[in-house]
Amino acid sequence: MDAEKLSHRLATVAEFVPQGARVADIGTDHAYLPAALMLAGKISFAVAGDVTRGPLENAKEEIARVNLTGKIQPRLADGLAAITAADRIDTVVIAGMGGALIAKILEQGKEHLAGVQRLILQPNIGAERVREWLMNNHYELVAERILAEDGHVYEILVATATLLPVRYNQRELRFGPLLLEEKNAAFREKWAGELTRLQAVLDQLAAAPQPPAGKVAAFAAEIAEIKGVLQ
Ligand code: SAM
């Protein structure tokens, strides 16, 4: 993969970036996403932020390789601290991390989100944590995608700020309110895998000399919920 050939995962993230956007890609690593967007003429400005020196060097090299030095700003920063008000960022992308880390970055950098119209978040695991943060912070999911690539299943959540209260129930938080409407092949693959994993844990618990009743009931309930969704 490079800026001229994005993975299916990052290309799908890119689809949700509005034409002419001013983008901050937080945790950019090689800056493939902002570089691809700039090469395609889709964005007018980008900050490529990363908290770690090595990935930021990767970003600088890729930006130079595709002759975008000066057009994309690589910044060494923790989370949303990469953004300043003068950047007038309207779209924030945080991709390729765990959901708990994405939620933490959003929570810690909330004040940098004033003026941001769209969040495009791609948790590798733990999407539920991200949906919870969005709901608790007045962001509404406007699109969700789930896709399989190279043996992994990825979720992409797209959200916009809203003044109205946002309510998702426990099932929607876990499975995705919009993904639940579609239940595509990648969705079924993900949850069938989770079902197998949970069933194996439950079998082990149940085989113990003194099965822990509370845990057994909790796993059984989780399994029943997934089975209900996959029906
Ligand atoms: N966004 C790219 C993608 O989706 O392919 C790269 C993902 S890479 C697996 C995760 C990157 O996030 C790493 O380069 C890591 O240094 C960076 N990262 C982790 N925590 C961060 C934070 N708090 N602020 C900024 N970057 C962070």
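Predicted model: local features only at pLDDT ≥ 70, side-chain atom pairs only at ≥ 80, totals over all residues.
Is R88 buried or exposed?

1. R88 is exposed, at a relative accessible area of 56%. The residue is located in the loop that runs between β3 (72-76) and β4 (91-97). Its backbone deserves a note: R88 is not a glycine, yet its phi is positive, at about 50°.

2. H138 also has a positive phi without being a glycine, with a value near 60°. This residue belongs to the loop between α5 (127-136) and β6 (139-149). H138 counts as partly exposed, because its relative accessibility is 38% and that class covers values between 20% and 50%.

3. Helix α8 (residues 185-206) and helix α9 (residues 213-230) have axes that come within 10 Å and cross at roughly 155°. α8 is therefore roughly antiparallel to α9, since angles over 145 degrees are placed in that class. The crossing of the two helices is left-handed.

4. On the α8 side, the contact is made by F187, R188, W191, A192, E194, L195, L198, Q199, V201, L202 and L205. α9 contributes K215, V216, F219, A220, E222, I223, I226, K227, V229 and L230. By residue class, the contact of α8 with α9 comprises 15 nonpolar, 1 polar and 5 charged residues.

Definitions and conventions. Residues numbered from 1 in each chain as written. Heavy atoms only, no water. Axes fitted to C-alpha atoms, helices over the stretch in contact; angles between N-to-C directions. Helix = DSSP H or I, 4+ residues; strand = E, 2+ residues; numbered from the N terminus. Parallel < 35°, antiparallel > 145°, perpendicular 65-115°, else oblique. Left-handed = near helix turned anticlockwise from the far one by under 90°. Contact = heavy atoms within 4.5 Å. Nonpolar A, V, L, I, M, F, W, Y, C, P; charged D, E, K, R; others polar. Buried < 20%, exposed > 50% of the residue type's maximum accessible area, 1.4 Å probe, protein only.
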